[in-house]
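Thanks for coming, everyone. I have one structure to walk you through today. Please have a look at it first.

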Amino acid sequence: MNTKFTDHLKTFSESDWLAAVDQLLPDVHEVDRVALEVWFRFYPLGLRRYVEETGRDEAVQGLALQGDFDLADKIDTSHHFLYGHRFWKTVKTQVVAKAETSKGESAGLADLINDIGIFTAEKHHVERGLANAIAAVGLATLNQVGLQAFTASPGDTTEPSGLMKKPPAVIVAEREKDDSQGLFGFLKTVDKKFSVAFSGLDFSGKFSVMNDQQLTHASEQDRSQPWQTMDDRCWEGPIPVECTAAACGTCWIGVLGGREKMNEVTARERRAMKVFGYNQPEEPKPFLRLACQSKTSGNVTVAIPPWNGIFGKKVCGNVEELELEPATTSARALRDAVAKG
């Protein structure tokens, strides 16, 4: 098996991959721009490498990992919330062909991704911006799971449904809209009701949220499905939750649309997200949030990660430091420290 291509990909760190994503973002269609950034947070290379170096059992215990963090069994599904998901089979085939025929690579990640994106866009007669995100995901997935597993995966995907069946510009526009509040909606204040569209690995749908209500509280009121049979972290509702106090990190989500309608990140959430190591962007209203600390005054669209854990390390002292590296101390103690503020 030709390993020259995969060996080349292994020379890049997680920071290199994120830098390549940042470089590509202007050339990614808006429908998948944030989704691409979310995917790289949901499946961090640093976590993969830590599990490989430490051993699965020790990593699960040390990082308090819950859910399903393995990308190897989600090769064809991890990107379900991207519009480019529909182009996956083409991307996968082209990535394998590139890996098998490589005579040694020296190209940077952005150039490699662009090559796959151009091929995919031409194959499907779409603009390149619609193919770049899934091309990046394809290369990153190969890098994490290896050529043998990547090649063996069938490449099958589910047909787009609901809003995702529509043209990309329509999807973007629909995500920006809010539910109608009726003829006299402008008079309403507290009792305005909106919708949260959600997508997990094995489920998707909508639930209602009152104006300025935490997303986890609204999620818990949705009893339409036996959520725990789909994800054992979901005690009530489609968003996993344990504490509702930013102490467990279970309810982290990616916001694909409507984040401008949400509240700004509080100091508590910011601190907790650093402890968990979820790499939340330093913005007032970032695309990565804790749902228990997030409120909205309009419709939002979110993706639910299949796992949660504590991938940061809290160092106590006269000056608090938060280092983004795997926790090797008691994960429960870290959670308790966050809960006490």
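Let me start with a question: how many bridges join strand 5 to strand 8? Three is the number to remember: 3 bridges join strand 5 to strand 8, residues 300–303, and the two run antiparallel. Before going on, a caution: this is a predicted model.

Let's stay with strand 5. Strand 5 covers residues 252–257. Here 6 of the 6 residues are buried, so strand 5 is largely enclosed by the rest of the structure.

Find Trp 252. Its opposite residue in strand 6 is Leu 290.

Now Leu 290 itself. Which residues does Leu 290 touch, leaving out those up to four places away in sequence? The list is Ala 246, Gly 249, Cys 251, Trp 252, Glu 269, Ala 272, Met 273 and Phe 276.

Leu 290 leads us to the core. The largest nonpolar core has 93 residues. Within this core, the residues that touch the most other members are Trp 17, Leu 36, Phe 40, Phe 81, Leu 139 and Leu 290. Which helix gives the most to this core? Helix 8 does, with 9 residues.

Trp 17 takes us to helix 2, residues 14–24. Its buried residues are Trp 17, Leu 18, Ala 20, Val 21 and Leu 24. Why are they on the same side of helix 2? Because they cover an arc of only 155° around the axis. Turn to the face that points away from this buried side. There you find the exposed residues Ser 15 and Gln 23.

What do the buried residues of helix 2 pack against? Five partners, in order: helix 1 (4–9), helix 3 (30–42), helix 4 (45–54), helix 7 (109–124) and helix 8 (132–145). Helix 8, you will recall, gives the most to the core.

Last, the whole protein. It has 14 helices and 11 strands. Of its 341 residues, 53% are buried. Take contacts between residues at least 6 apart in sequence: 70% of them join residues at least 24 apart. And the surface? The protein exposes about 15,300 Å², with carbon and sulfur atoms supplying 49% of that.

That's my tour. Questions, please.

Terms used. Residues are numbered from 1 along each chain as its sequence is written. This is a predicted model: local features need pLDDT of at least 70, side-chain atom pairs count only at pLDDT 80 or more; totals for chains, interfaces and linings use all residues. Side-chain values use heavy atoms; hydrogens and water are left out. Buried means under 20% relative accessible area, exposed over 50%, partly exposed in between (1.4 Å probe, protein chains only). Helices (H or I, at least four residues) and strands (E, at least two) are DSSP runs, numbered from the N terminus. The arc is that of the directions from the helix axis to the C-beta atoms. Contact means heavy atoms within 4.5 Å. Accessible areas come from the Shrake-Rupley method with a 1.4 Å probe; for residues, only the protein chains shown count as cover. A nonpolar core is a set of buried Ala, Val, Leu, Ile, Met, Phe, Trp, Tyr and Cys residues joined through side-chain atoms within 4.5 Å. Two strands pair if DSSP finds at least two bridges between them.
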